[in-house]
Structures are given as C-alpha cells and as structure tokens.
Amino acid sequence: SEQWSETQRLHAAVPYNPNPFIKIGLFVFAHVCFLFGGSFVFLLVGTGAGFAITALLYAFVVTFLLIHFIRQKQLHFSGIDNALIYGVVGATMPLIFEIYEALRINELWVGVLFCLPVLVIVVYSFGEPLVALGTFLCGLFIVAALLMKHPLGKALLPFALMLYAGGFFMITEKLSQKPSTFYWKSALYWVNTASLVLFYLAGNYGIVREANAELNGLSSPSPEIAFAGLFWAFTLLIPALYLYGGFRRRDRTLLFLGLLGIVVSILTIRYYHPVLPVEWSLLLGGVAATLIAYALIHQLKTPKYGFSYAPEKEDSERLSLETVVVSQITKNIHSVENGVEFGGGDFAGGGAGEKY
C-alpha cells in the first residue's frame, strides 16, 4: 500500500501535452471546428439579433464547452484550448467595435481600453500566455498614447515605459514565487520576459534617439537627445545588471537577455561611434566569442558556482521506481503473440544448456 501511494503520487494525472507537430495540427483543427460551429450558429439563428450579439452568445457557449474540456481532458495549452481561447476573444471583439463606433470616439487608445477587461478576464480564467502578452502590450499602448499627447509626455516617455516595465517585472516576480499561481506560470513568465526586454529597449540610447526624431518629425540624421549621458549609461549598465542577476539567481532567461543586450549595446555604440570597419568588427567579435565559448565549455565540465556544461542527471528515486515497475511488468508477462513462452528455462554457458 505504501508503494502504491508513492506510485500514485509520482504518476498523478498530468495535463495533456502532445509533441509540437500534433499540437500544431490540433490547433488548426480546433480553429476549423470553431469557425464551422460559428457558421452553423449564424445560419441557424440568422442576423436578426445582430452580428455582434450572436457572436457574443456563441463565445459564451464555446467558453462553457472549453471549461468542460479542460476539466475532463486535462487540457493545458495543448493546441485545442489555445485555439478556442483565441476564438472566444475574437468573438467578443465585434460588440466592442460597435460600442466604440457608436460613441464616435476618435481616440484609438479608448478602443484598446475597451478590450482590456475581456483580456484580463481571459488571462485570469485560463492563464493563456499569448493573451497575457497581448494584455501587457495593450497597457503599454495606452500609456504611450496618453503621454504622446503632450510635449512633456513625449520627453518623459522613455522613463515612463521603464517604470511600466519595472512595475510589471516586480509584480510578476512576486506572483511567480507563490505556489497558488502555478496555473498562470507560463503567462507570468512571458510577461516577465517582455517587461525585461521593454526595460532595456526603453533605455537604449539608439532607440530613444531615433524614436525621438521620428515622433517629432525631425530630419535625418537624428539630432542629439536630452540626457544623452544617462541613456548611454542605461545602454551599458542594464545588460550588465541582467548578467549579474542571471549569475546570482542561476536564471537562464536573464543570462540570455544580458548577452543579447551586450550585442545590441555594441551595435549601438558602433552605429554612432564607428572605430573599425564592419569586416574587422565582425572578425574580431567572432574570434572573441569563440574563445570565450571554448573557455567556458572547458572550465564548466567541472561544475562551478552552480553552473555546469555536463548534462543533468535524472532523479535517482524516480529512475529506481521506473526500474521496479518495468521489472514487475516484464516478470508477469507469460506469453507473446508469436507463441514463445517465457519462464521455466535454465541459463548456463551462454544459453547452451539443454533446457534453454
């Protein structure tokens, strides 16, 4: 009974997670089913109640079916539920567009604001990462649109976007530490990564300078910006901060973003202050990267500071349990389809005994 309880604990029901090819096929198939069902509903009901109202009612019906499928079939981003979630979000948009047009508001950010409640509810209900990323970008668009209405807002736009990204990073970091948010783990990770990317891009000197020229209709080459020294510091220090956090926390995402930020920072410096020709820059950069990679691979064959180049070892307890299960299954098999029977024989001399 103790072994059975341990087996049930380790092999509990897990969400359905097919391989990527099957997932893509299920995603396309679910989309086709959603569109076919919508067409059937419109043929059955007609447009007497209005296209937007009929689409909204169809979205409610699909939502109840989706919840049923998730509970019964253990679906969690298997392709089927992703497609139906996107379909539900899309089916609610016609009513929002009609309300936006009826109010005769010419501010695009207001229309995006009308979409936010739907996206927030979907993210809270299903934790879909792409919808969570869309919610993050919608909020970003609203903040940027409001600030660009005034000259002072345009000047403060980079700092406001960095504050926006930093706020979301802190929120997602805090939520991801709670065990109760396991269902939203993917969504939190996507938004957390997007906030890190936005934080660097909003402080990058080159992006701020070129965006400032574009927003103010300034001719090329773009003129120097205010607080240039501060943005140069952001360009150089933020990737270093990401690398430090990645090494300190053993975080692969921070390490990757830090290395990518270093590359973008080098390209930014070279764009405004070229020192070497392009050919020499690429050659020297490639040689340096190769030497660093070789040195790291050589050094990390022996684990150091929590990092290792060697592949991870499997959990010994789980491997032992699987070994016992497999041995018990093979022990209880007495025959196969070709009629060869197992058991009862002796093993001697490599199978040379008379009873082999």
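**Second pocket**

I checked the lining of the second largest pocket by class and got 17 nonpolar, two polar and one charged residues. My classes: Ala, Val, Leu, Ile, Met, Phe, Trp, Tyr, Cys and Pro are nonpolar, Asp, Glu, Lys and Arg charged, and the others, Gly among them, polar. This is a predicted model, where local features need pLDDT of at least 70, side-chain atom pairs count only at pLDDT 80 or more, and totals for chains, interfaces and linings use all residues. Residues are numbered from 1 along each chain as its sequence is written, and side-chain values use heavy atoms, with hydrogens and water left out.

The second largest pocket holds about 410 Å³. I worked on a 1 Å grid over the protein atoms alone, where a pocket is an open set of points that fit a 1.4 Å probe, with protein on both sides within 12 Å along at least five of seven lines; lining residues have an atom within 4 Å of a point. Points are joined across faces, edges and corners, and the volume is the space filled by probe spheres set on them.

Of its 20 lining residues, Lys154, Leu157, Pro158, Val208 and Asn212 lie nearest the centre. Which helix gives the largest share of this lining? It is α7, with seven residues. Helices here are DSSP runs of H or I, at least four residues, numbered from the N terminus, while strands are E runs of at least two.

**Largest pocket**

α12 (278–299) supplies at least two lining residues, as do α10 (228–249) and α11 (252–272). The largest share, 11 residues, is from α12. By class I noted 24 nonpolar, four polar and six charged.

**Helix α5**

α5 still bends by about 30° at Cys115, with Pro117 following within four residues. I took the bend as the angle between axes fitted to the seven residues ending there and the seven starting there.

Cys115 is also among the buried residues of α5, along with Trp109 and Phe126; buried means under 20% relative accessible area with a 1.4 Å probe, protein chains only. The buried residues of α5 pack against α3 (51–73), α4 (80–102) and α6 (129–147), with contact meaning heavy atoms within 4.5 Å.

Note on methods
Buried means under 20% relative accessible area, exposed over 50%, partly exposed in between (1.4 Å probe, protein chains only).
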